[in-house]
Amino acid sequence: MKLGFILEDHAGAQDWLRDVLKEVFPEISVTVANRLTEARDKLSHLQQADLEPDIALIDLSLPDGNGIDFIRDLREAVPECLCIVITIHDDDRHVFPALRAGARGYLLKQQSQSELARRLAGIIDDEPPLSPSVARRVLATFAPPDTIAQPDLTPREQEVLELIARGFTLAQVGQALGITRHTTAGYVKTVYRKLEVSSRAEATREAMRMGMIDS
């Protein structure tokens, strides 16, 4: 690796990620940007100088946009660049859009510097750098329903999950089950907590994984 690129808006994290890259690739030169617009400008300047990043560590939450947009930029401009997400988010709403955009790895900031360095070093042996929780989430997506550990939902919570996954509103769920909208909202909150999701879309995906509804 000759040239690295870091897109991260916190100065402390920038230094930390630079140290990680230097630990894994001692001879690497690193370019840093703290905003999406700055990253795009620096990428353009690098290309004008006939330079292209070999690896990019990209945060997703930026003051002026989303790091996924820069992953797409890099994929188009420098297809060989290894785009690695570095973030605090490990939910479906962040993981899968980033991977679909072209990210070649997904690591969490909660890991120690030594652990991040160890996982990045796997690139040398063609091992995709994935944090354990992210790897489990990706693998679970392709698991058949009967192999997935079932969450501890009560029969009523399963009914609520099935209905919201089918597109029912809270009022419609309440009407179908003969309960108030307030009670329905309470069940939905509990279902989200047990499934470790935060949206109807994620709950729907879980319902499909468990075979409760058809895809």
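**Notes on a two-domain model**

1. Start with the layout: the centres of domain 1 and domain 2, taken over C-alpha atoms, are 35 Å apart. Domain 1 covers 3-142 and domain 2 covers 155-210 in the domain assignment, with bounds that come from an automatic or database domain assignment.

2. A word on what you're looking at. This is a predicted model, where local features need pLDDT of at least 70 and side-chain atom pairs count only at pLDDT 80 or more, while totals for chains, interfaces and linings use all residues. Residues are numbered from 1 along each chain as its sequence is written, and side-chain values use heavy atoms, with hydrogens and water left out.

3. Six residues from domain 1 and six residues from domain 2 take part in the contact, meaning heavy atoms within 4.5 Å.

4. What holds charges together across this interface? The rule finds one salt bridge between domain 1 and domain 2, a salt bridge being a side-chain nitrogen of Lys or Arg within 4 Å of a carboxyl oxygen of Asp or Glu. R205 and D92 also pair through their side chains in a salt bridge, at 2.9 Å from N to O. In general, side chains of opposite charge can pair when their charged atoms come close.

5. Which elements supply the domain 1 side? Those giving two or more residues are α4 (92-101) and α6 (132-141); helices here are DSSP runs (H or I, at least four residues) and strands are E runs of at least two, numbered from the N terminus. The largest share, three residues, comes from α6.

6. Finally, look inside helix α1. D15 and R18 form a salt bridge, with their closest N and O atoms 3.1 Å apart. They are three residues apart in α1 (residues 11-24), so about one helical turn separates them. By this rule the count comes to 13 salt bridges.
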